[in-house]
Amino acid sequence: MDIITSFGGWLLIPAVLIALFLYKWILRFLFGMVIVPEDRIGLVTKKFVLTGTNRELPDGRIIATKGEAGFQAKTLAPGLYWWMFPWQYGVRMEPFTVIPEGKIGLVLSNDGAELLTGNILGRKIHSDNFQDTEAFLLNGGQKGRQTALLTPGTYRINTYAFTVTVADMTVIRENMVGIITTLDGAPLLPGQIAGRQVDGHNNFQDVDLFLQNGGNRGLQPQVVLAGSYYINPWAVQIEEIPMTEVPIGHVGVVISYIGEDGEDLTGDTFKHGNIVRKGYRGVWMEPLGPGKYPINTFTMKVEKVPTTNLVLNWANARSESHALDSNLSTITVRSKDGFPFNLDVAQIIHIPAAEAPKVIARFGSMVNLVSQVLEPTIGNYFRNSAQDSDVIAFLSTRKERQEAAREHIRNVLEVYNVNAVDTLIGDIVPPDSLMKTLTDRKIAQEEEKTYETQRMAQEKRQGMERETALADIQREVVKAQQSVEIAQRTADAAVKKSEGEARSLKLQVSAESEATKIRAEAEAEATRRRSAAQAEATKLTADAEAERIAKTGTAEAEKILAIGRSTAEAYELQVKAMGDENFTRFKITEEIGKGGIRIIPDVIINGGNNPTDGSISGLLGLKLLELTEGRKSEGVRKVPIKAAAEEKKE
């Protein structure tokens with residue numbers, strides 16, 4: 001029983017479904033009931049018309065707006081509808097048209113009026129964003145691609161009348177600009193490459209307003225900046241390009257290819273092009289400063305002109321970062337004597353910001369300035385300059401030629417509104433054969449200088465050795481002179497000492513006798529003269545020592561002669577002082593005393609009647625006794641006067 005009950009329950013479900021289906025069809029056939037779900041739209045097709053005048057569609061039409069048979073303009077929104085009998089109406093359920101975020105819907109009308117000649121897009125018709133097909137068609141909507149588009153959202157679109165294509169929004173990235181080309185509109189004016197300026201279309205998002213205001217098809221002067229836009233790509237094409245950047249140290253001279261012809265602001269003195277105000281066709285008087293600009297490079301051009309010092313190199317192995325001198329090369333010139341040689345030149349120029357438009361108006365670009373003016377001017381100047389001189393003279397007068405070139409090029413460039421800052425001559429490369437000759441000559445000159453220097457060094461060395469030898473001899477001479485001076489001073493001291501002793505002895509013996517006084521003075525004088533003779537001998541000895549290196553034998557001879565002469569002079573002085581006989585007695589007595597021979601008794605000798613003889617005899621006897629006593633006790637001892645003289649000599 002349970003099984004039967006369970007089986008019956010399962011059979012009930014299909015039965016209910018079948019009943020519902022039959023009920024739906026019964027209602028559909030009997031009452032024409034149609035239910036449109038909430039996420040669908042009902043597209044109606046009328047199969048036939050029984051009576052009336054609108055039984056068939058007009059020629060060229062596919063959508064019925066007046067009850068004709070065929071696809072109906074009106075659609076069924078979600079809900080319940082009656083009297084839509086299936087034998088007369090066909091209803092197809094279609095999902096809503098959904099445009100996602102970041103997308104747009106491009107609409108193609110399958111029905112409508114024919115497009116006007118020259119138009120490629122149907123103009124906008126107020127039809128609730130193409131949801132009211134009947135209003136679109138009745139208000140003159142045109143078939144084909146439409147200028148209007150669908151923004152993100154959900155729409156009840158009759159897909160029998162319209163085909164919707166989903167496309168991406170237009171996005172312009174940062175530091176980029178969008179160049180606009182419209183595909184529909186009035187033809188361009190004669191002589192123009194871009195349409196005229198039209199405002200109010202919200203960056204070409206309202207194409208219909210653009211067309212209503214007389215917008216031209218083709219290239220547009222306006223650009224679209226960074227951002228996202230609902231732009232119909234069937235109406236507008238956009239090319240994204242970078243913004244125009246004018247770097248620091250430059251100005252941007254604008255050359256406009258569109259606009260009306262403006263008044264030339266340069267006057268009659270400038271004959272090389274028109275310089276006009278901003279917005280007119282031609283070169284704009286006011287250049288752009290450093291920065292980024294949304295320039296439409298299809299309708300205008302910005303020439304960047306450096307306002308800092310610009311270096312251009314005429315050299316094969318060097319080029320600056322600006323690359324304006326990339327086509328310049330080392331200048332080859334020919335000298336007066338027929339030798340070709342290479343010359344590197346650097347030219348520094350400066351273009352004032354106010355003069356930049358004139359430079360561009362004259363030449364068109366900085367590259368043309370270099371190729372049309374700087375390159376021929378500098379190259380020809382140095383070629384002409386080299387022909388007036390030979391290679392050697394050109395090398396030796398490099399400074400003067402550089403100054404002359406600077407002045408000449410400055411005067412030439414002033415005509416072209418360019419300031420010549422400086423002209424510099426770089427490497428000068430003469431021919432190898434000439435360089436070898438010059439090198440050989442220079443080497444020979446340097447070798448000659450080397451030999452002369454070596455000769456002078458040898459002469460100086462010889463002089464130094466000669467002076468060294470003289471200095472060595474001079475040292476000996478000075479030493480001898482010092483010895484002589486010392487001996488002289490010693491002799492003088494001995495003389496003075498002897499004089500004092502003589503005066504003392506004179507006072508001692510003055511009381512005894514006048515003879516003793518005379519003898520003492522004579523003895524002192526003899527001693528002085530002996531000391532002087534000995535001092536002279538010492539001097540001669542010193543001189544002979546100084547001259548010993550050259551004449552040793554002569555010095556010795558002079559020494560002996562001097563000693564003999566001094567001894568003779570001493571004897572002569574003693575003879576004069578004592579007399580011949582007394583001097584003879586004195587010498588005999590001295591010799592006897594030296595030998596220690598006693599020949600007289602130890603008594604006082606006094607004889608003769610002459611008082612003078614007696615005194616002298618007494619003195620001689622005393623001296624002989626003194627000498628004898630001295631020999632006995634301590635050997636041979638000299639008299640005090642002689643001993644003083646010997647001490648002075650030492």
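The model is predicted, so local features need pLDDT of at least 70 and side-chain atom pairs count only at pLDDT 80 or more, while totals for chains, interfaces and linings use all residues. Residues are numbered from 1 along each chain as its sequence is written, and side-chain values use heavy atoms, with hydrogens and water left out.

**Exercise 1.** Describe how helix H4 packs on helix H5, and state which residues make the contact.

*Solution.* Step one is the geometry: H4 (residues 356-363) and H5 (residues 366-386) pack at an angle of about 65°, and their axes lie 9 Å apart. Helices here are DSSP runs of H or I with at least four residues, strands are E runs of at least two, and both are numbered from the N terminus; axes are lines fitted to C-alpha atoms, for helices over the stretch in contact, and angles run from 0 to 180 degrees between N-to-C directions.

Step two is the class of the angle: H4 and H5 are therefore roughly perpendicular to each other, a term that covers 65 to 115 degrees.

Step three is the contact, meaning heavy atoms within 4.5 Å: H4 supplies Val359, Ile360 and Phe363, and H5 supplies Met366, Asn368, Leu369, Gln372 and Val373. By class, this contact has six nonpolar, two polar and no charged residues, where Ala, Val, Leu, Ile, Met, Phe, Trp, Tyr, Cys and Pro count as nonpolar, Asp, Glu, Lys and Arg as charged, and the others, Gly among them, as polar.

**Exercise 2.** Characterise the largest pocket by its volume and its lining.

*Solution.* The volume, which is the space filled by probe spheres set on the grid points, is about 550 Å³ for the largest pocket. Its lining consists of 23 residues, and Gln197, Pro221, Ile258, Gly279 and Met300 lie nearest the centre. Strand E14 (residues 218-224) gives the most to this lining, with three residues. By class, the lining of the largest pocket divides into 11 nonpolar, nine polar and three charged residues. A pocket is an open set of points on a 1 Å grid over the protein atoms alone, where a 1.4 Å probe fits, with protein on both sides within 12 Å along at least five of seven lines, and lining residues have an atom within 4 Å of a point.

Terms used. Angles under 35 degrees count as roughly parallel, over 145 as roughly antiparallel, 65 to 115 as roughly perpendicular and the rest as oblique.
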